[in-house]
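Subject: Structure for you to look at

Hello,

Here is the structure I said I would pass on. Please open it first; my notes come after it.

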Amino acid sequence: MFLVFEGVDGAGKSTQIERFCDSLAAAGHELMRCREPGSTALGERLRELLLNHGETPIGMRAEMLIYMAARAQLVEEVIAPALAAGKTVVSDRFLLSSVVYQGHAGGLPIDEIRAVGAVATSGVRPDLTFLLDLHPDDAVRRAGDTPDRIESRGGPFFRKVRDGFLSEAAADPDRVAVIDAAQSVEDVQQSIMNAFQRHLGTPGHPHGSTT
Ligand code: ADP
Ligand code: MG
């Protein structure tokens, strides 16, 4: 089973992934945890290039393709083998981030991103994505004062990111669960477990069977 957490920096992805993985492990899941971009040697090098404030100019198309290259390596090296071994994969971000950051907010055509995404992922896609939805101002407040290259793009960009995430979720409600991330850590955690059980069966059933 392949599960993804999405949402802007500061939404609470790292906090919730930690707790979610603890409950899944306790329920008997064998877990593989990863983050985007990263979790492979190539991916971590590309992450530095993408997120540090270097002097290298990176256009929106190149940015999209670098994320996709990191993703291709992650799928081939980590995600596909883990899924084949029956593990539950939990990823901090996946293709939806590209659709939203470089598409909805960045202005690249969404269908082009999906086409490149199909190549990068070789069709591997999440069974369920938890979208941690939070007002951009709250996210900035939480994330603190050292934004990375992407997160320093400012208010209008992040309103488009939020709206993009929400419209993608609305278009695919069976696979994207919107979680109100403005709640307390405990309440967000409970909302995630509720959505997980509603969509895929209980955490006691690693293969999501509801029968
Ligand atoms: P992300 O991984 O999405 O960037 P984090 O989990 O790192 O988000 O959380 C960003 C900051 O907000 C951290 O300092 C974290 O402790 C805090 N935080 C996370 N969830 C909540 C919450 N529900 N309410 C208040 N603060 C939170
Ligand atoms: Mg994080």
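Below is what was found around the ligand and inside the protein.

Please keep in mind that this is a predicted model.

- Lys13: a backbone N or O atom is 2.8 Å from an oxygen atom of ligand 1.
- Ser14: an N or O atom of the side chain lies 2.9 Å from an oxygen atom of ligand 1.
- Arg142: an N or O atom of the side chain lies 3.3 Å from a nitrogen atom of ligand 1.

On its own, ligand 1 has 560 Å² of accessible area, and the protein covers 65% of that.

The cavity. Searching the whole structure for cavities of 30 Å³ or more gives one. The largest cavity holds about 30 Å³ of space. Its lining is made up of Gly7, Val8, Leu131, Leu132, Asp133, Leu134, Arg162 and Phe165. Strand β4 (128-133) and helix α7 (155-171) each contribute at least two residues to the lining, and β4 gives the most, with three. By class, five of the lining residues are nonpolar, two are charged and one is polar.

Regards

Key
Residues numbered from 1 in each chain as written. Chains lettered and ligands numbered in written order. Predicted model: local features only at pLDDT ≥ 70, side-chain atom pairs only at ≥ 80, totals over all residues. Heavy atoms only, no water. 1 Å grid on protein atoms, 1.4 Å probe; cavity = no way out; pocket = protein on both sides within 12 Å on 5 of 7 lines; lining within 4 Å. Points joined across faces, edges and corners; volume = space filled by probe spheres on them. Helix = DSSP H or I, 4+ residues; strand = E, 2+ residues; numbered from the N terminus. Nonpolar A, V, L, I, M, F, W, Y, C, P; charged D, E, K, R; others polar. Polar contact = N/O pair within 3.5 Å; in protein donor to acceptor, adjacent residues only side chain to side chain. Areas by Shrake-Rupley, 256 points an atom, 1.4 Å probe, with all protein chains shown as cover.
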